[in-house]
Amino acid sequence: MTKFIDYGVFNSVDIRLGRIVEAEENNELRNPSIILKIDFGDKIGIKKSSAQLKSNYNTEDLINKQIIAVTNFKPKQIGKVLSEVLVLGLPDENNQPILVAPDKKLKNGVKLY
């Protein structure tokens, strides 16, 4: 059964487009991840995220990729990394994340609506 929310709740979630400028493997966690630095444009700047993407991505392929992320969650400590944004993905057939990305290049920082 679908749980309905008010439009105002959805509108309070700040979902924006960013471009990955750095990607570094983090194998110190129980579930290895990739630490991303993402450029969300002048208004938000560069933010860091830790994401479990190693099943479908290597660090070199992520550089310059535009992705969608929630930018207004409270930062979360993940191991030694403070994750500032939540990158969004959809599960593949093995329940591993595939990043949500536009099919055309857009300006970093644009808000999803």
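User: Why does the radius of gyration of the protein agree with a compact globule?

Analyst: This is a predicted model. For 113 residues, a compact globule would have a radius of gyration near 13 Å. The protein has 14 Å, so the value agrees. Along the principal axes, the C-alpha atoms fill a box of roughly 40 × 40 × 30 Å.

User: What makes up the secondary structure, and in which pattern?

Analyst: The protein has 2 helices and 9 strands. Read along the sequence, they follow α-β-β-β-α-β-β-β-β-β-β.

User: Why is Ser-49 called buried?

Analyst: Buried means under 20% relative accessible area. Ser-49 has 1% relative accessibility, so Ser-49 counts as buried. The residue sits in strand S3, which covers residues 46-51.

User: What makes the pair of Ser-49 and Val-85 a polar contact?

Analyst: The cut-off is 3.5 Å between N or O atoms. A polar atom of the Ser-49 side chain lies 2.9 Å from the backbone oxygen of Val-85. That distance is within the cut-off, so the pair qualifies.

User: Why is Val-21 called partly exposed?

Analyst: Partly exposed lies between the buried limit of 20% and the exposed limit of 50%. Val-21 has a relative accessible area of 25%, so Val-21 is partly exposed. Its place is strand S1, residues 15-26.

User: Which residues does Val-21 contact, leaving aside neighbours within four places in sequence?

Analyst: Val-21 is in contact with Lys-37, Ile-38, Asp-39, Ile-46 and Ile-63.

User: How far apart are Val-21 and Gly-45, in sequence and in space?

Analyst: They are 24 residues apart in sequence. In space, C-alpha to C-alpha, Val-21 and Gly-45 are 11 Å apart.

User: What share of the contacts with a separation of 6 or more joins residues 24 or more positions apart?

Analyst: Such residues account for 56% of those contacts in the protein.

User: How much of the protein counts as buried, and how much area does the protein expose?

Analyst: Of the 113 residues, 35% count as buried. The protein exposes about 7900 Å². Carbon and sulfur atoms supply 51% of that area.

User: How many charged side chains are there, and how far apart are the centres of the two sets?

Analyst: There are 17 positive and 14 negative side chains. The centres of the two sets lie 7 Å apart.

Definitions and conventions: Residues are numbered from 1 along each chain as its sequence is written. This is a predicted model: local features need pLDDT of at least 70, side-chain atom pairs count only at pLDDT 80 or more; totals for chains, interfaces and linings use all residues. Side-chain values use heavy atoms; hydrogens and water are left out. Helices (H or I, at least four residues) and strands (E, at least two) are DSSP runs, numbered from the N terminus. The radius of gyration is taken over C-alpha atoms; the globule rule is 2.2 Å times the number of residues to the power 0.38. Buried means under 20% relative accessible area, exposed over 50%, partly exposed in between (1.4 Å probe, protein chains only). Contact means heavy atoms within 4.5 Å. Accessible areas come from the Shrake-Rupley method with a 1.4 Å probe; for residues, only the protein chains shown count as cover. Lys and Arg count as positive and Asp and Glu as negative; His and the chain ends are not counted. The place of a charge is taken as NZ of Lys, CZ of Arg, CG of Asp or CD of Glu. A polar contact is a pair of N or O atoms within 3.5 Å; within protein, one must be able to donate a hydrogen and the other to accept it, and residues adjacent in sequence count only if both atoms are side-chain atoms.
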